[in-house]
Amino acid sequence: MPLTGDQRDFGTRAAARRGLSLGLAALLLLAATLSGCDRSVSTSQPAPAGELHRVKYSREVMGTLAAVTALAADEATARAAVEAAYARLADVNRLMSDYVADSEIGRINQLPAGGSLVVSPETCTCLAQALSVAERSGGAFDVTCRPLVSLWKQAGRQQRLPTDAELAEVRRRVGWQQVRLDPETRTVTIAAAGVQVDLGGIAKGFALDLAAAAMRSAGAASGLVDVGGDIVTFGPRADGTQWRIGVRHPFRDGLLTELLLTDAAVATSGLQQRFHEIDGQRYSHIVDPRTGWPVREAPSVTVVAAAGATADAWATVFSVLTVAEGQALLAEPDAPPVEVMWITGDRSAPVIDQTSGFGRHIAP
Ligand code: AMP
Ligand code: MG
């Protein structure tokens with residue numbers, strides 16, 4: 001149920017059904033950090049003063065429901081901006097879904113040990129960001145988690161826990177250093193047999209960023225892109241205020257809180273989003289690459305960042321790390337530029353932790 005209303009623009013939903021196992025944003029950031037990949041980033045055009053037309057519609061993309069809102073000087077421009085956003089979302093799905101066998105990620109996943117593939121600027125940029133988060137998170141974020149995710153999915157279908165031997169075999173094929181990316185030539189190389197890439201923890205956020213950039217290029221003054229509850233906003237709403245975004249309560253119907261955002265992204269990850277059930281026990285779709293087991297601690301982690309890819313990837317990271325581990329990482333000098341809210345505990349005793357800057361995003 002999308003949480004739209006007069007007041008609220010969008011809600012972070014218990015999101016994505018199956019789908020794209022996959023996810024721009026800080027294109028600016030990227031432009032600064034990557035030498036190859038994608039330099040074709042357009043800049044935004046300032047909104048003309050005066051009345052803006054608002055166009056909003058929903059569509060199924062990337063295995064989930066998306067909703068795109070554009071504000072522009074005239075209706076045709078707003079509509080073109082919404083279409084441009086959907087075209088970019090579709091591009092990311094086509095290139096990066098590991099459910100699509102002939103996507104670039106699908107093709108990478110069929111490479112033999114030592115095999116390489118030259119990928120699009122989009123896939124290159126997304127993978128570069130993913131590998132950088134993998135490194136910065138000490139491997140909590142791992143683009144090679146696909147064999148583990150598949151093993152636990154199969155366990156859910158078969159209603160049995162994986163055996164130690166199965167886990168050991170699969171864990172040998174997991175490790176982000178097994179994927180090499182040369183951004184200059186956009187070449188991805190798989191170092192060991194059976195290594196498989198899954199951009200599911202970042203591609204949705206990455207797609208949001210590409211969609212927002214496309215909307216700006218198409219002339220939108222402001223806009224909001226929501227894919228399965230992960231959201232990117234740019235510019236103000238028609239009345240000049242910030243976009244109002246509801247965060248679902250992880251333990252009951254309704255909202256936990258509302259956020260006010262502009263030129264920012266928000267993503268929520270966690271156990272309540274997607275899970276498998278084995279013997280009545282819920283197992284998250286997020287795996288801890290350090291143990292091979294689905295994560296247990298945080299039922300819900302919400303991350304606000306300048307870019308969708310950043311918010312998305314770090315929401316996954318902070319679902320893997322314990323709250324204490326996450327807080328320790330954020331206290332380091334080169335901590336990622338994100339604000340985080342963790343909800344742990346259970347229905348009867350929810351516990352909310354947040355970074356010191358998260359509060360300024362909460363609606364009064
Ligand atoms: P999200 O909902 O953004 O947290 O992403 C969850 C998806 O990311 C899963 O469905 C997997 O496809 C993938 N994934 C699971 N565990 C990890 C991990 N430790 N690091 C990176 N991606 C992961
Ligand atoms: Mg994520």
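Here are a few friendly notes on this structure and the ligand it holds.

1. This is a predicted model, in which local features need pLDDT of at least 70, side-chain atom pairs count only at pLDDT 80 or more, and totals for chains, interfaces and linings use all residues. Residues are numbered from 1 along each chain as its sequence is written, chains are lettered from A and ligands numbered from 1 in the order in which they are written, and side-chain values use heavy atoms, with hydrogens and water left out.

2. Start with the surroundings of ligand 1: 18 residues lie around it, each with a heavy atom within 4 Å. Asp198, Ser269, Val287, Asp312 and Thr316 are the closest. By type, the shell holds 8 nonpolar, 6 polar (Gly is counted here) and 4 charged residues. Helix H8, residues 308-320, is the top contributor with 3 residues; helices are DSSP runs of H or I, at least four residues, numbered from the N terminus.

3. Next come the polar contacts, meaning pairs of N or O atoms within 3.5 Å. A polar backbone atom of alanine 140 sits 3.0 Å from a nitrogen atom of ligand 1.

4. Finally, the cysteines. The whole structure has 0 disulfides, a disulfide being a pair of cysteine sulfur atoms within 2.5 Å. Cysteine 126 is buried, at 0% relative accessibility, and cysteine 145 is buried at 12%, where buried means under 20% relative accessible area.

Notes: A polar contact is a pair of N or O atoms within 3.5 Å; within protein, one must be able to donate a hydrogen and the other to accept it, and residues adjacent in sequence count only if both atoms are side-chain atoms. Helices (H or I, at least four residues) and strands (E, at least two) are DSSP runs, numbered from the N terminus. Buried means under 20% relative accessible area, exposed over 50%, partly exposed in between (1.4 Å probe, protein chains only).
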